Amino acid sequence: MEYAVECRNLTHYYGAKKVYENMSFNIKTGSILGLLGKNGTGKTTTINILNGFLEPKAGECFILGENSQYLSPETKSKVGFLLEGHIQYDFMNIYQIEKFYSQFYPQWKKEPYYELMSKLKITDKQKISTMSCGQQSQVALGLILAQDPDLMIMDDFSMGLDPGYRRLFVEFLAEYGKAENKTIFVTSHIIQDMERLIDDVVIMGYEGVLHSSSMDYFMNHFRQYDFQVKDGPVDLTKDDVITNYDRVKNHASVYSFKSPEDVKKYLKDKGIAYDNFREVPMTLEDAFIGITGKY
Ligand SMILES: Nc1ncnc2c1ncn2[C@@H]1O[C@H](COP(=O)(O)OP(=O)(O)OP(=O)(O)O)[C@@H](O)[C@H]1O
């Protein structure tokens with residue numbers, strides 16, 4: 001199967017409030033895709049549609065070839081969901097929950113779970129509900145790894161994790177995903193983690209998908225150019241050349257998929273006089289803020 005997840009023309013509203021219209025994306029089998037977006041752009045909504053919690057107002061998603069609203073038990077057992085670190089049966093301790101979940105998953109592997117749990121500084125009988133936020137996230141991640149699903153869907157997987165644990169988990173996930181040919185779909189606001197982990201990126205704005213491509217394409221083609229604006233008219237607008245821009249007094253930054261020559265020609269054609277034009281290297285976080293804007 002070429003795609004483990006296919007979402008076509010998703011449209012969702014909560015009452016009269018639009019989240020997005022006609023949102024489409026695919027996740028290639030065996031790849032790691034990151035869904036990035038500012039607060040409230042619809043990432044959790046999308047995961048809840050995939051999870052079958054929400055029915056989209058229009059459009060549809062297919063998971064391992066089946067409509068996400070009507071997954072068979074067999075397909076369900078091949079998909080692991082992590083919903084913002086949430087654990088449903090949090091009145092259990094880590095042993096009880098492992099035994100409980102193991103009944104439902106034929107490929108259950110308790111070794112990686114207990115290996116992760118051995119790192120937790122908790123008492124043996126401690127209920128999950130009394131653990132710290134990051135500890136609960138660690139239990140949730142351990143459970144999903146034990147499930148050993150073909151497809152992992154993880155919303156805000158790094159919620160509450162400390163930097164060392166995050167690094168450990170991201171490195172583990174990247175290696176494990178490739179070695180075991182897993183398909184992984186993640187959202188996170190910790191963009192540095194995404195940079196280490198994902199093969200493909202979908203960036204959401206309030207208007208829908210702003211960009212979707214491989215990470216290589218995005219990082220090699222999306223560019224920031226800074227320059228000093230000289231006196232005269234400055235008519236910067238978003239269009240086919242300028243994806244986004246930022247201006248503080250006479251210092252301007254423009255973000256574009258075009259080459260420096262194309263952007264210089266564009267500025268000249270618009271009659272914008274400038275000095276000190278230069279390309280500024282970007283991290284994924286810079287590029288994310290560049291394309292979505294600061295506020
Ligand atoms: N049950 C609901 N009823 C009404 N509006 C909702 C409901 N759930 C979400 N929304 C709204 O829909 C929009 C998308 O929310 P969603 O939780 O999908 O965003 P998100 O991208 O996951 O945000 P964040 O990054 O903050 O987690 C937001 O404006 C949110 O307020």
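Reader: Which residue, with a positive phi, follows α6?
Author: This is a predicted model, in which local features need pLDDT of at least 70 and side-chain atom pairs count only at pLDDT 80 or more, while totals for chains, interfaces and linings use all residues. Residues are numbered from 1 along each chain as its sequence is written, and the helices (H or I, at least four residues) and strands (E, at least two) are DSSP runs, numbered from the N terminus. With a phi near 55°, the residue that follows α6 is Asn181.

Reader: Is Asn181 buried or exposed?
Author: Asn181 lies in the loop between α6 and β8. A residue counts as buried if 20 or more other C-beta atoms, placed from the backbone, lie within 10 Å of its own, as exposed if 12 or fewer do, and as partly exposed in between. Because Asn181 has 10 other C-beta atoms within 10 Å, this residue is exposed.

Reader: How far apart are the end C-alpha atoms of helix α6?
Author: The expected span of a helix is 1.5 Å times one less than its number of residues. Helix α6 covers residues 163–179, so its 17 residues should span 24 Å, and the end C-alpha atoms agree with this, being apart by 24 Å.

Reader: How wide is the arc that the buried residues of α6 cover?
Author: The buried residues in α6 are Arg166, Phe169, Val170 and Leu173. The arc, taken from the directions that run from the helix axis to the C-beta atoms, puts these residues on the same side of α6, because they cover only 100°.

Reader: Which elements do the buried residues of α6 pack against?
Author: On the other side of α6, Gly164, Glu171, Glu175 and Ala179 are exposed. Two residues are in contact if their C-beta atoms, placed from the backbone, lie within 7 Å. The buried residues of α6 pack against α5 (133–147), β8 (183–187) and α7 (191–197).

Reader: In β2, which residue is the bridge partner of Val5?
Author: Two strands pair if DSSP finds at least two bridges between them, and β1 (residues 3–14) pairs with β2 in the antiparallel sense over eight bridges. These two strands form a hairpin with two residues between them, where Gly15 in the turn has a positive phi of about 60°. The bridge partner of Val5 in β2 is Ile27.

Reader: Which residue in β4 does Cys7 stand opposite?
Author: Strand β1 also pairs with β4 (residues 58–63) in the antiparallel sense, over five bridges. Within β4, the residue opposite Cys7 is Cys61.

Reader: What is the phi of Asn9 near?
Author: Most residues other than glycine have a negative phi. Asn9 is found in strand β1, and with 12 C-beta neighbours inside 10 Å this residue counts as exposed. The phi of Asn9 is a positive value in a residue other than glycine, near 50°.

Reader: Which element gives the most residues to the shell around the ligand?
Author: A residue belongs near a molecule if its C-beta atom, placed from the backbone, lies within 6 Å of it, and among the residues around the ligand are Tyr14, Lys17, Gly42 and Lys43. Both β2 (17–28) and α1 (43–50) supply at least two residues of the shell around the ligand. With three residues, the element that gives the most is α1.

Reader: How many of the eight residues of α1 are buried?
Author: Among the buried residues of α1 are Lys43, Thr45 and Ile47, and α1 is followed by Gly52, whose positive phi is near 80°. Helix α1 is mostly covered, and of its eight residues the number buried is six.
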